[in-house]
Every structure is written in structure tokens, then in C-alpha cells.
Amino acid sequence: MGLIDTAKEAVKLVDQANNLDLYKRLVDLQLEAVEMVEQLKIKDEKIKQLEEALSLQGKLVYRDSAYYLVAKEGHFDDGPFCTKCWDVDHIKCRFVRAPETDEGREWVQCQRCKLPFRSEQITKDIRSLDSPDL
Ligand SMILES: [Zn+2]
């Protein structure tokens, strides 16, 4: 039985004992337990992000305002990824073509933070990923 289930069971037992003060304190304790479980989930997710960041250390290469994953020396395996999302949050988030064009010039955009900018190299890289046979 988990922490929250145990707390719920204790609340039920105290309710039957008809002690209002004890019941209120136990309900507060149950709410704190729920909050602690949520905090643990957030921390687990952060640990997972940092483990991925650590595993990718030295494998992400910065080029033309984006990061690329390098499998073998000189060969890009995946990307381009947003520099802001990686540098600030350690989240590897792909750039995609932005929906609007600027007088025929294409823009790219991070799918997560929506950071838009214009880069011929990144646009070309995304286009080659969209149509690998070209
Ligand atoms: Zn981003």
C-alpha cells in the first residue's frame, strides 16, 4: 500500500473514531503527502532530463545557431535542435519550418519555446530530413 492509500485509510479510521481535531490534522497530512508525491514526480522528470543531458555531453555540436547530434565524427545523426531549450532547460527540442514565410524566405521555429528565426542552413537541413531522397 502506498503513502497516499495509507493516509486515506488512516483518515477513514480517524473519521470513525469521531475525533474532529485528529481528523483535521490527518487530512492536512494527507494533503501534504499528495503534494510530496507530486514534487517527487517533478524531481524524477528533472533527473531524467539531466541524465539525458549528461549522456549527450560532447555529442551535441553547435552549428549555425542550432545543435546537432553527432554519431560519428563529421556526420550529423539528428537535429537541428533549439539552442535555448537545450542551454536553459536541457531539453532536446527539434526545429521545424515556421508556418509563415517572409517574402519567400523561410523561417524555422522551435516546437517547444516557439523561438523563430531565419537560417538558410537550418531550413536546408530540415528540408533534407523531410525529403531524405532528394
Ligand atoms: Zn526552444
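Which residue of E3 is the bridge partner of Val-70? Select Val-70 and you will find Phe-76 as its partner. Before moving on, note that this is a predicted model, in which local features need pLDDT of at least 70, side-chain atom pairs count only at pLDDT 80 or more, and totals for chains, interfaces and linings use all residues. Numbering starts from 1 along each chain as its sequence is written.

Next, select residues 60-63, strand E1, and residues 66-72, strand E2: they run antiparallel, joined by four bridges. (Strands are DSSP runs of E, at least two residues, and helices runs of H or I, at least four, numbered from the N terminus; strands pair if DSSP finds at least two bridges between them.) Val-61 sits opposite Tyr-68 of E2. In the hairpin turn, two residues separate the strands, and Asp-64 there has a positive phi of about 50°.

Finally, select helix H1 (residues 3-17) and helix H2 (residues 20-55), whose axes are 9 Å apart at an angle of about 170°. (Axes are lines fitted to C-alpha atoms over the stretch in contact, with angles from 0 to 180 degrees between N-to-C directions.) H1 is therefore roughly antiparallel to H2, a term for angles over 145 degrees.

How values were computed. Angles under 35 degrees count as roughly parallel, over 145 as roughly antiparallel, 65 to 115 as roughly perpendicular and the rest as oblique.
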